[in-house]
Amino acid sequence: QEFWSSMFWGMSNYFTDDPTIDVGARAAQTIAQLQTATRHLQALAELEIRNANFCQRIDGWGNYDRFDRDEFDKGQSVLVYAELRNFHSEQTATEYRTLIHSTIEIVRAGAEEAVLERFDMGQVEDHCRGLRTDFYNNYQLTIPVNLLPGAYRLRLIVEDQLSGKIATQTLNFIVR
């Protein structure tokens with residue numbers, strides 16, 4: 001109901017015949033209403049992991065350097081970058097709080113049920129004065145020295161601890 005209410009207010013703002021309302025102001029009001037509608041849907045939507053990549057360097061949201069190839073040596077340190085969508089932020093007295101827990105599993109390609117390594121990447125608690133619309137996590141990982149050369153999959157499991165939503169993303173890689 002909140003979604004449709006926001007949508008109708010946004011459409012009403014946009015399609016008004018009132019000549020006293022500036023076009024730019026009308027567009028800004030419409031955007032605000034549509035963003036409110038989107039936030040209502042995000043509460044219902046599945047948690048999503050997007051743009052997950054092996055990286056050499058991560059400087060911030062959407063700002064990272066990928067490896068040319070996802071081929072690594074045993075013992076090599078790598079970074080994993082991942083953006084999240086449809087997470088929940090709870091409002092406190094002074095800010096918004098987001099709470100994310102992540103796990104990484106390494107499996108041999110073709111044998112996804114046999115987890116060779118599991119890394120608890122811990123919990124990230126984020127505090128922001130404004131309602132966060134984007135969120136990314138980065139993880140530092142050392143390629144296990146006990147892996148034989150061949151094809152593997154990294155399985156990233158992320159839990160939004162405030163909503164209970166869980167998302168999984170898989171990255172293929174080669175151990176040389």
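Guide: Start with a network of salt bridges that links Arg57, Asp59 and Asp65. A salt bridge here puts a side-chain nitrogen of Lys or Arg within 4 Å of a carboxyl oxygen of Asp or Glu. This is a predicted model: local features need pLDDT of at least 70, side-chain atom pairs count only at pLDDT 80 or more, and totals for chains, interfaces and linings use all residues. Residues are numbered from 1 along each chain as its sequence is written, and side-chain values use heavy atoms, without hydrogens and water.

Visitor: How far apart are the closest N and O atoms of Asp65 and Arg57?
Guide: They are 2.7 Å apart.

Visitor: How many salt bridges does the structure hold?
Guide: It holds 10.

Visitor: What about Arg118 and Glu105, buried or exposed?
Guide: Arg118 is exposed, at 53% relative accessible area. Glu105 is buried, at 8%. Buried means under 20%, exposed over 50%, and partly exposed in between, using a 1.4 Å probe and protein chains only. Their side chains meet in a salt bridge of 2.6 Å, N to O.

Visitor: New topic. How do β9 and β10 run?
Guide: Antiparallel, joined by 10 bridges. Strands are DSSP runs of E, at least two residues, numbered from the N terminus. Two strands pair if DSSP finds at least two bridges between them. In this pair, Leu156 stands opposite Gln169.

Visitor: What sits between those strands?
Guide: Five residues, making a hairpin. Gly164 in the turn has a positive phi of about 85°.

Visitor: And which way do β3 and β10 run?
Guide: Parallel, with two bridges. Phe72 stands opposite Val175 in β10.

Terms used: Helix = DSSP H or I, 4+ residues; strand = E, 2+ residues; numbered from the N terminus.
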